[in-house]
Amino acid sequence: MKIGIASGKGGTGKTTLAVNLSVYLQEKHPVILLDCDVEEPNAHLFLKPTFSEEQPVFVKNPQVNREKCDYCGKCSEVCAFGALTVLKSKILFYPHLCHSCGSCAYFCPNKAIEEVDRELGIIQKGSALNIEFTHGILNVGEAMAVSVINEVKKSQGVDQITVIDIPPGTSCPVVASLRDIDFCIIVTEPTPFGLNDMGLLVQLLQKMEIPSAVVINRWDLGDTGVERFCQNEKIPVLVKIPFDKEFARLNAEGGNLIEKIPWFRDSIQELWAGVKGLEKL
Ligand code: SF4
Ligand code: SF4
């Protein structure tokens with residue numbers, strides 16, 4: 001089973017939930033935890049895994065052989081992303097717009113384009129407790145998070161439970177992270193911002209036909225808009241987590257919390273019972 005932990009907006013506590021759900025589940029079964037938030041991965045700060053493997057992630061970019069090129073402009077015409085501009089005797093290439101589709105090389109009439117590797121980021125793999133952990137780190141200034149996310153997702157399990165920390169928002173990295181998952185837990189907070197961004201995520205999940213349920217974090221600090229939305233949309237609320245100063249303090253120190261805060265363990269247990277209950281429907 002592949003479970004995504006997502007939030008329309010950042011700062012709702014989804015990574016805390018992803019890590020602690022993994023720690024809870026590994027007590028009975030081996031778990032795989034993937035941090036797909038490659039622009040700002042931080043699950044490792046809470047899980048504290050020992051890393052044993054690191055590999056670079058490359059993408060293919062075009063490289064023009066000036067001796068073969070006659071500046072016909074065909075490559076620029078076929079590039080749907082505006083990553084190439086052909087001038088009279090020069091070609092301008094914008095690597096951050098390139099989606100590595102290979103069209104320019106394929107359609108170049110003079111075979112003047114070679115595809116070369118460019119490093120985008122790295123993947124690190126490790127473990128903690130009974131959890132296999134993988135995250136990706138996108139190089140600073142790079143825009144193509146999806147290629148790194150796709151590499152992270154190669155570590156997802158077949159028989160084990162895979163918990164995936166999905167990046168915040170609803171853009172391409174979120175779609176890539178959600179692809180092929182079985183169930184999504186939406187972590188939100190009961191504020192107008194939380195409600196707005198959760199609404200966008202719900203629309204995306206409905207389009208991708210991924211079943212979902214909601215966790216309301218710091219439920220006692222906001223309004224009832226999220227609960228009313230869930231009622232109207234028939235989205236189950238699995239658990240409501242209260243604000244607690246001690247919880248916030250311990251969370252800021254890193255590490256997992258279910259071993260330190262008994263009521264939080266109960267919340268995670270209730271959450272998992274809710275997911276299992278929905279799975280049987
Ligand atoms: S299609 Fe090939 S030959 Fe034409 S401008 Fe591009 S690289 Fe040069
Ligand atoms: S590989 Fe695709 S996206 Fe990149 S420059 Fe060539 S045509 Fe454009």
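Let's start with Arg 249: at 42% relative accessibility, it counts as partly exposed. Buried here means under 20% relative accessible area, exposed over 50%, and partly exposed in between, with a 1.4 Å probe and protein chains only. Glu 253, at 47%, is also partly exposed. The two side chains meet in a salt bridge, 2.8 Å from N to O. That term needs a side-chain nitrogen of Lys or Arg within 4 Å of a carboxyl oxygen of Asp or Glu.

A word on the source. This is a predicted model, where local features need pLDDT of at least 70, side-chain atom pairs count only at pLDDT 80 or more, and totals for chains, interfaces and linings use all residues. Residues are numbered from 1 along each chain as its sequence is written, chains are lettered from A and ligands numbered from 1 in the order in which they are written, and side-chain values use heavy atoms, with hydrogens and water left out.

Back to the salt bridges. The count comes to 11. Take Glu 189 and Arg 218, with their closest N and O atoms 3.0 Å apart. This pair links distant parts of the chain, 29 residues apart: Glu 189 is in the loop between strand S9 and helix H7, Arg 218 in the loop between strand S10 and helix H8. Helices (H or I, at least four residues) and strands (E, at least two) are DSSP runs, numbered from the N terminus. Buried or partly exposed, Glu 189? Glu 189 counts as buried, because its relative accessibility is 12%. Arg 218, at 24%, is partly exposed.

There is also a network: salt bridges link Lys 14, Asp 37 and Asp 165.

Now the ligands. Ligand 2 sits in the largest cavity. On a 1 Å grid over the protein atoms alone, a cavity is a set of points where a 1.4 Å probe fits but cannot get out. To sit there, a molecule needs more than half of its atoms within 2 Å of the grid points. Around ligand 2 are 13 residues, the closest being Cys 79, Cys 98, His 99, Cys 101 and Cys 104. A residue counts if one of its heavy atoms lies within 4 Å. What classes make up this shell? It has 9 nonpolar, 4 polar and no charged residues. Nonpolar covers Ala, Val, Leu, Ile, Met, Phe, Trp, Tyr, Cys and Pro; charged covers Asp, Glu, Lys and Arg; the others, Gly among them, are polar.

Ligand 1 takes the second largest cavity. The residues around ligand 1 include Cys 69, Cys 72, Cys 75 and Cys 108. By class, that shell has 8 nonpolar, 2 polar and 2 charged residues.

Methods:
1 Å grid on protein atoms, 1.4 Å probe; cavity = no way out; pocket = protein on both sides within 12 Å on 5 of 7 lines; lining within 4 Å.
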